[in-house]
Amino acid sequence: MPHATASWLVDNTALSFQQIAEFCGLHILEVQAIADDMAATKLTGRDPVRAGELTMAEIEKGQQDPNYRLVMQKGPDQLRRTKGPRYTPVSKRQDKPDGIAWIIRNHPEVSDGQISKLIGTTRTTIAAIRDRTHWNIANIVPKDPVTLGLCSQRELDAVVAKAAKAAGLEAPTDTRLEGDREALIEQLRAEREAAVRNADAVHAEESTYGGATFHDPFKK
């Protein structure tokens with residue numbers, strides 16, 4: 001999701017638009033549009049540090065040197081789990097229903113069995129939340145299981161991709177700024193060029209009159 005990643009970098013770092021564009025594989029004017037909130041839809045930022053694509057040390061290097069090109073980090077090797085239920089710390093267990101509800105709402109293609117292995121819960125609990133017969137359903141609020149610390153982003157992405165493939169669905173892509181991309185870039189370029197021309201015209205006029213501004217006393 002390059003546009004969502006760019007949005008996070010714009011909001012949370014001092015990296016240049018060129019650095020962000022190169023890292024996300026976007027045109028610099030697209031990054032400028034995101035920064036100016038000119039995109040048709042306000043993007044929800046995606047944290048590349050949490051996703052294992054960047055480190056804060058790498059971001060610091062980029063912030064100190066505008067010519068530095070960010071290097072995507074190699075994600076950690078996927079740990080192979082042994083058979084048996086996933087262990088969840090006691091402090092996190094009360095968050096499981098919220099994480100389950102989030103997956104059911106946002107990824108209905110994921111089966112109860114997959115959710116059970118990912119979150120470390122029973123199919124009975126999942127079915128109760130899906131059918132809204134859970135004893136605490138009134139207090140369950142869908143929340144991203146990655147944010148809750150119930151699983152990693154890599155594990156969630158793998159489960160979603162596998163479920164989508166089994167269901168014959170295409171992998172989700174960030175298309176909110178695509179389709180009209182070239183038109184958007186041309187529009188932004190035209191606006192930038194017009195702004196430069198206007199600034200040059202104002203500067204030329206001020207130079208002609210020595211920077212003085214004259215007012216017509218008979219003009220209201």
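Q: Where is Arg132 found?
A: This is a predicted model, where local features need pLDDT of at least 70, side-chain atom pairs count only at pLDDT 80 or more, and totals for chains, interfaces and linings use all residues. Residues are numbered from 1 along each chain as its sequence is written, and side-chain values use heavy atoms, with hydrogens and water left out. Helices here are DSSP runs (H or I, at least four residues; strands are E, at least two), numbered from the N terminus. On that numbering, Arg132 sits in the loop between α8 and α9.

Q: Is Arg132 buried or exposed?
A: Buried means under 20% relative accessible area, exposed over 50%, and partly exposed in between (1.4 Å probe, protein chains only). Arg132 has a relative accessible area of 59%, so it counts as exposed.

Q: What phi does Arg132 have?
A: Most residues other than glycine have a negative phi. Arg132 is not a glycine, yet its phi is positive, at about 60 degrees.

Q: Is His134 buried or exposed?
A: His134 is found in the loop between α8 (123-130) and α9 (145-148). Its relative accessible area is 13%, so His134 is buried.

Q: Which residues does His134 touch, not counting those up to four places away in sequence?
A: Contact means heavy atoms within 4.5 Å. By that rule, the partners of His134 are Thr125, Ala128, Ile129 and Ile140.

Q: Which residue has its backbone nitrogen 2.9 Å from a polar atom of the side chain of His134?
A: Look at the side chain of His134 and find the backbone nitrogen lying 2.9 Å from one of its polar atoms. That nitrogen belongs to Asn136.

Q: Is α6 oblique or roughly parallel to α8?
A: The axes of α6 (residues 96-106) and α8 come within 10 Å and cross at roughly 60 degrees. Axes are lines fitted to C-alpha atoms, for helices over the stretch in contact, with angles from 0 to 180 degrees between N-to-C directions. Under 35 degrees counts as roughly parallel, over 145 as roughly antiparallel, 65 to 115 as roughly perpendicular and the rest as oblique. So α6 is oblique to α8.

Q: Which residues of α6 and α8 make the contact?
A: Both helices supply side chains you can pick out in the viewer. From α6 come Pro97, Ile100, Ala101 and Ile104, and from α8 come Thr125, Ile126, Ile129 and Arg130.

Q: How many helices does the protein have?
A: Read along the sequence, the pattern is α-α-α-α-α-α-α-α-α-α-α. The secondary structure comes to zero strands and 11 helices.

Notes:
Polar contact = N/O pair within 3.5 Å; in protein donor to acceptor, adjacent residues only side chain to side chain.
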